Every structure is written in structure tokens, then in C-alpha cells.
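This briefing is meant to be read beside the sequence and the structure shown below. It takes up strand pairing, domains, a pocket and a single loop residue in turn.

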Amino acid sequence: MKQLQRILNNVINRTNINLRRSSIDVGPYVSGAVPQEKYAQFYAFYAVSTEHPLFFNFQCSSLAGSYFFGKCDVQHSVMYKCDVRGDELKSLAKGFNVDGTNVRLHSDEVIRIVDSFLNKTLIHSFSHDPEFPEEFLIKNTVALSYANIHGSPVMGSFLGPFCTIDLCTVQNSCIGAYAYVQVADLQPSVIDPGHIWIRNKSGDEFIYDYAPEIVSKYISVAPNERAKGLFMDFVDSHKRDFERVFGFLYASRPESYAPGSFVSRYAVVKGETSIGENVLVAQRAYLENAHLGKGANAQENSYVIDSYLEGYDVTAHGAKIIGSRLGTNVFVGFNSFLRGTPEAPLTVGEGAVIVPHTIIDLVEPVTIPAGYVVWGYVTKQADLATQAVSIEDFAKVDGEVTIGAMTFSGNGERFIRAFQHRIHHILHDNGAYYDGKDNLGHAQKTKNITYNLIQPYVEGGFKGVYPNIRIFPLCPDDLCM
């Protein structure tokens with residue numbers, strides 16, 4: 001495995017040089033994340049669909065267990081069980097709108113990953129950086145278990161486990177475990193674990209900090225060790241079911257469900273689960289005794305267990321919903337953790353917004369009223385007094401307000417309306433509003449998707465590394481006559 005170690009060493013050195021002002025050494029985190037023998041145990045796979053652009057370039061990299069869709073370029077990198085979704089990249093035909101100005105592209109956008117180590121990381125959406133519209137770049141970066149890179153180019157940075165960078169550009173920064181950052185442009189910074197920070201272009205700003213003991217209870221990481229905590233315990237307890245799903249070594253089409261719906265063959269569906277119309281269930285989603293009503297979705301690394309989602313509900317990347325009942329149009333943000341029990345069920349009213357990286361882990365029954373926004377750490381009904389507010393009251397804020405450990409400054413109506421617009425956009429893109437003809441989304445466009453496998457070297461100096469491969473669509477002139 002000499003070549004694999006060379007790649008890892010190069011990634012470590014390049015990332016450390018970018019982070020030299022923060023005095024962090026990413027080496028022990030990389031070596032502790034994945035035992036080296038595992039890099040040669042799993043195939044990688046890519047999706048083919050006539051509805052989506054196709055181009056893949058894999059060079060001098062390890063891709064163990066990773067999934068690629070769209071246009072992706074990976075060089076001198078190590079990726080372990082990652083999801084790279086290029087189905088929402090900018091296109092040459094449509095261009096890119098920046099604050100009302102349409103920027104003409106020279107080519108379709110490509111997700112480009114260079115000199116990086118990504119462990120069970122999700123990359124999705126298109127780059128929201130207007131300066132480099134044709135390229136969604138991830139370079140000289142280390143990301144640990146279940147981090148989300150959503151529409152966010154990142155260079156020279158360290159992303160802790162279960163953190164999210166969302167719709168921003170991140171440079172030479174350290175993002176702590178379970179931190180959430182959506183601030184447009186993050187220059188060299190150190191973001192503490194459990195720091196939730198949203199700042200839009202208008203200057204509206206939402207900040208919440210978890211107590212350190214709460215973050216460490218659910219997720220933490222130390223040098224030379226794998227991440228640990230209740231989040232890791234939870235995903236590990238369901239690992240065996242995914243091993244069975246990924247054990248198939250042939251390309252196949254997914255099973256058929258209700259009209260307009262799509263369930264990936266790389267998702268787990270168990271128990272008495274029902275799938276309504278126009279539902280999207282992405283790869284690595286987990287459903288058990290779940291009801292997903294019309295237009296609902298379960299995105300990558302999400303779990304819906306013993307729960308009822310009435311319809312048009314968003315379960316964002318990494319969100320987990322257990323023992324809960326959700327009304328219509330409920331948004332559950334990135335990596336949120338909602339866990340009720342038979343003795344302490346969770347009920348969420350229509351139109352509620354669960355802010356990304358919210359933990360609701362109940363010791364008594366809790367009901368979240370319709371039209372509420374919720375954040376922070378909730379275990380009982382009384383906690384909502386300092387970690388929830390009605391959307392109507394939030395919209396009245398014009399200035400600064402502090403509720404418990406949360407501080408908001410700006411215009412509440414503008415902030416919450418932008419959030420609601422984004423939720424509508426997510427449902428539209430996922431095909432929730434498909435009427436049999438118009439409003440096609442991911443649930444409908446991916447129905448004819450197929451998968452192809454790529455295998456690594458399994459012995460010798462290249463063990464764990466994949467052959468250089470370039471895959472591109474056929475042109476009419478290439479067809480046999």
C-alpha cells in the first residue's frame with residue numbers, strides 16, 4: 001500500500017501548510033479515521049442517466065465505497081464511502097444568475113476534488129461562489145465522518161465529524177464537530193464544535209452555541225481515534241443493513257413504488273414502510289416502519305424510523321427522525337437528530353422549521369406547535385420556551401433579540417421568508433410537485449438510473465488505489481455503423 005500512503009501523506013502535508021496559522025496537525029485525524037486495509041475492501045460506483053450530464057475523471061486516487069453522479073473530477077485524493085452528487089450542477093445552457101446578473105458559462109460545471117481526504121462526506125448542489133462558476137472545487141482539505149459540503153467550495157480546511165458548510169466558500173479554516181456554517185464567505189477561522197452560525201447577504205445573523213458537554217455526548221473526535229458519541233453509536237447500529245444493500249455486484253434498476261416516486265437501490269427499506277407519490281429516497285437513506293406521504297423526501301444519510309411524515313416534508317442530508325409524527329411541510333435541517341420513544345413521542349405541527357443541527361432527544365412527550373421554528377437542545381416541553389418561537393413572532397423582529405442561548409440580529413421576516421423559499425425550492429427540485437407532466441424533479445428524472453462499479457487494486461504497492469479512469473458519454477460519431 002505504498003502508493004496509498006504517499007497520497008495520504010501528500011494530502012496531510014498540503015492541508016497542514018494551509019492551516020499552519022491554526023497550529024493543527026491533521027495527520028493523526030486522517031490515520032485514526034479508517035484502517036488502511038479497508039480501502040481495498042469496497043468498490044466505488046457511478047450513476048448513469050440519460051437525464052443528467054456524464055463525465056468522470058479519476059486519477060491517482062482511492063475511492064473506496066464512494067458514489068459519483070454527474071460531472072466529477074478526482075485527483076490525488078482519498079475518499080472513503082462518500083457521496084458526490086452532481087445532479088444540480090450549473091449548465092452551459094442555463095448559465096448562472098448572480099444577484100440578478102446572468103453569467104454565461106464557458107462549460108458545464110464540474111465537481112473537482114484535489115489533494116483531499118474525505119471520509120463519509122456528502123458533496124451536493126452547485127458551487128455558490130460566483131468567481132469560479134464552472135468549478136466546484138474541494139482542495140487540500142480533510143473532512144471527517146458525515147460532514148456535509150453543500151454548495152460550498154472549500155480549500156485548505158479541516159472539517160470535523162457531522163459538521164456542515166452550506167452555501168458558502170471556506171478557506172484555510174477549521175470547522176469543529178457538529179458545527180453548522182452558512183455565512184457566504186469564511187476566511188481563515190476556527191469554528192468551535194457545536195457552533196451554529198447563519199448569516200445571509202442582507203446581514204441577518206442567527207447564532208447558537210451548544211454547551212461543550214452536550215456536543216461531546218453526541219459527537220467528538222480525538223487524534224488517532226475514530227469519532228465517537230451517540231451519533232456514531234446510532235449509525236453503527238444500522239451498519240449491517242447497509243452492508244447487505246451494498247453487497248450486490250451488478251447494475252439494476254430500483255423497485256417501483258407509488259407514481260412519481262424514486263427509491264434508490266442503495267437505500268435501506270425495512271418493516272412496514274409506505275412510500276407515497278412523488279417521494280424521493282436517496283442512496284444511503286434508511287427507512288424502517290416509516291410512512292412518507294406525498295412529496296416527502298429522505299436525503300442521503302438520513303434515517304426515518306417508527307415515524308409518520310404526512311407529506312411535503314424535507315428530511316435533509318444526515319437528518320434522523322425516530323419515534324415522531326410530522327405534519328405537512330415540515331423541514332428537518334442537516335444532521336438534525338429527532339428522537340422520540342413510545343413513552344415520549346414527538347409531534348411536529350404543520351409548517352414547522354427545525355433548524356439544521358438541532359437535537360431533540362426526548363425524556364417526555366413533546367409537541368411542537370404548527371408554524372414554529374426550533375433550534376438547540378430539546379428534551380422536554382419546557383425547553384421550547386428558550387429554543388423555539390412562532391414564525392409569526394420571529395417575523396416581527398427588526399433589530400436584535402436573544403432567546404436562551406440564541407442571538408438573532410437583523411430583519412426576522414426577511415430571514416424566515418428566505419428559509420421558507422429555500423424549503424419550497426428543495427421540494428420543487430426533488431419533484432414533490434410533479435403533476436404527471438410538469439415540475440419534474442430528482443424523483444422522476446432518476447427513475448431510469450443505472451450503476452457501474454469500479455474496483456481497486458487488492459494487492460501489491462497499489463493496494464487500495466484505483467486505476468486511472470476517464471468516463472465520458474458517447475458522441476454520435478462514436479456509434480458503430
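**Strand pairing, domains and a pocket**

In β12, Leu 137 is the bridge partner of Arg 112, and this pair belongs to the 5 bridges by which strand β9 (residues 110-114) and strand β12 (residues 135-139) are joined in parallel. The model is predicted, and its chain is divided into domain 1 (2-168 + 449-471) and domain 2 (238-396 + 418-444).

- An open sheet with mixed pairing is formed by 8 strands, which follow one another in the order β21-β18-β15-β12-β9-β4-β2-β47; its edge strands, β21 (185-186) and β47 (469-471), each pair on one side only.
- Strand β12, which is joined to β9 by 5 bridges, also pairs with strand β15 (residues 154-155), again in the parallel sense and over 2 bridges.
- Within β15, the residue that stands opposite Lys 139 is Met 155, and Met 155 in turn has Gln 171 in β18 as a bridge partner.
- Strand β15 and strand β18 (residues 169-171) run parallel and are joined by 2 bridges.
- In a regular strand, side chains alternate between the two faces of the sheet.

**The sheet that holds β30 and β32**

- A further open sheet of 8 strands, likewise with mixed pairing, has the order β25-β28-β30-β32-β35-β38-β41-β43; here β25 (262-263) and β43 (388-390) are the edge strands, each of them pairing on one side only.
- Inside this order, strand β30 (residues 297-298) pairs with strand β32 (residues 314-315) in the parallel sense, over 2 bridges.
- The bridge partner of Ala 298 in β32 is Thr 315.

**The two domains**

- Taken over C-alpha atoms, the centres of domain 1 and domain 2 are separated by 26 Å, and the contact between them takes 23 residues from domain 1 and 24 residues from domain 2.
- The second largest pocket draws on both domains for its lining, with at least three residues from each of domain 1 and domain 2.

**The second largest pocket**

- The space in this pocket amounts to about 390 Å³.
- Its lining consists of 17 residues, and those that lie nearest the centre of the pocket are Lys 81, Lys 239, Phe 242, Phe 246 and Arg 284.
- Two helices, α4 (230-237) and α5 (239-245), each supply at least two residues of the lining, and the largest share, 3 residues, comes from α5.
- Sorted by class, the lining has 8 nonpolar, 7 charged and 2 polar residues.

**Thr 328, a loop residue**

- Where does Thr 328 lie relative to the strands? Thr 328 is found in the loop between β34 (324-326) and β35 (331-332), and β35 is one of the strands in the sheet that also includes β30 and β32.
- Is Thr 328 buried or exposed? Its relative accessibility is 18%, and Thr 328 therefore counts as buried, the cut-off for that class being under 20%.
- Leaving aside neighbours within four places in sequence, the residues in contact with Thr 328 are Glu 310, Gly 311, Asp 313, Glu 350 and Gly 351.

Notes: Residues numbered from 1 in each chain as written. Predicted model: local features only at pLDDT ≥ 70, side-chain atom pairs only at ≥ 80, totals over all residues. Heavy atoms only, no water. Helix = DSSP H or I, 4+ residues; strand = E, 2+ residues; numbered from the N terminus. Buried < 20%, exposed > 50% of the residue type's maximum accessible area, 1.4 Å probe, protein only. Contact = heavy atoms within 4.5 Å. Pairing = 2+ DSSP bridges. 1 Å grid on protein atoms, 1.4 Å probe; cavity = no way out; pocket = protein on both sides within 12 Å on 5 of 7 lines; lining within 4 Å. Points joined across faces, edges and corners; volume = space filled by probe spheres on them. Nonpolar A, V, L, I, M, F, W, Y, C, P; charged D, E, K, R; others polar. Domains from an automatic or database assignment.
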